[in-house]
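Hi everyone, thanks for coming. I'd like to walk you through one structure today, so please have a look at it while I talk.

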Amino acid sequence: GTLNGVSKFDGVTWTSYTVDDGLADSTIQVIAVDKSGTIWFGSRNGGVTSYDGTTWITYTTKDGLMNNTVNAIAFDKAGHKWFGTDCGLSKFDDVNWVSFTQNGLISDNVKSVAVDAKGNKWFGTREGVSKFDGTNWSSYTKSDGLITDEVTAIASDSHGYIWFGTP
């Protein structure tokens, strides 16, 4: 993902795609591939675009996305797509959109998203981390042990540890 679209490398040849090909916006902030092989591109101002190798589809606030600035993308085992935006979190099941804000999140500015082996969803924000187990929300900040409150990257390893990256 670049400031001018996306580039794909097959080991020999580079292929680039822009808004003329179907991207929602030139500035791509995050790329993720779901279990069906569809590629999802989160943009700075245009929402999120999916590409299945043939068809480009863009989703924006008009469709149900919380905000058109998409910072993070993750997928859970049920196939739900989770999009972290500057104004909250959106979950998409290919038909319905559900949005979350500070009624569960510690902050609406979601910078990172990860799903652990137990199915817990983790959301890094500018003010800490929120965890959603499907029913209950928990939040963690520097006072709980984070090195700082802003979390820009999250990963879950094979031992069940959750790793948090900060700026």
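Let's begin with Asp76, which is buried at a relative accessible area of 10%; buried means under 20%, exposed over 50%, and partly exposed in between, with a 1.4 Å probe and protein chains only. Before going on, a word on the background: this is a predicted model, where local features need pLDDT of at least 70 and side-chain atom pairs count only at pLDDT 80 or more, while totals for chains, interfaces and linings use all residues. Residues are numbered from 1 along each chain as its sequence is written, and side-chain values use heavy atoms, with hydrogens and water left out.

What does Asp76 form with Lys121? The two make a salt bridge, with their closest N and O atoms 3.9 Å apart; the term asks for a side-chain nitrogen of Lys or Arg within 4 Å of a carboxyl oxygen of Asp or Glu. This pair links distant parts of the chain, 45 residues apart: Lys121 is in strand 12, and Asp76 is in the loop between strand 7 (70-75) and strand 8 (81-85). Strands here are DSSP runs of E with at least two residues, numbered from the N terminus. Lys121 is buried too, at 10% relative accessibility.

How many salt bridges does a search of the whole structure find? It finds three. In another one, Asp94 meets Lys81, the closest N and O atoms being 3.0 Å apart. Lys81 is buried at 5%, whereas Asp94 is partly exposed at 47%. Asp94 also has a positive phi, near 80°, in a residue other than glycine.

Asp86 and Lys111 form a salt bridge as well, at 3.5 Å from N to O. Asp86 sits in the loop between strand 8 and strand 9 and Lys111 in strand 11, so parts 25 residues apart in sequence are tied together.

**A charge without a partner**

Now compare Asp25, in the loop between strand 2 (14-17) and strand 3 (28-33). Asp25 is buried yet has no salt bridge, and the nearest side chain of opposite charge, Arg44, is 6.4 Å away; for charge, Lys and Arg count as positive and Asp and Glu as negative, with His and the chain ends not counted. What does the side chain of Asp25 reach? It reaches the backbone nitrogen of Asn45, at 3.2 Å.

Next, please find the open sheet of four strands, in the order 11-12-13-14 with antiparallel pairing. Two strands pair if DSSP finds at least two bridges between them. Strand 11 (110-115) and strand 14 (137-140) each have a single partner strand, so one side of each is left without a neighbour in the sheet. Five bridges join strand 11 to strand 12 (residues 121-125), and Ser112 stands opposite Gly124 in strand 12. Ser112 is buried at 3% relative accessibility, and its side chain reaches the backbone oxygen of Val151 at 3.3 Å.

**Rings**

Last, the aromatic residues: Trp40, Tyr59, Phe83, Phe92 and Trp97 form one aromatic cluster. Rings of Phe, Tyr and Trp (its six-membered ring) pair if their centres lie within 6.5 Å; planes under 30 degrees apart count as stacked, over 60 as edge-to-face and the rest as tilted.

Terms used. A polar contact is a pair of N or O atoms within 3.5 Å; within protein, one must be able to donate a hydrogen and the other to accept it, and residues adjacent in sequence count only if both atoms are side-chain atoms.
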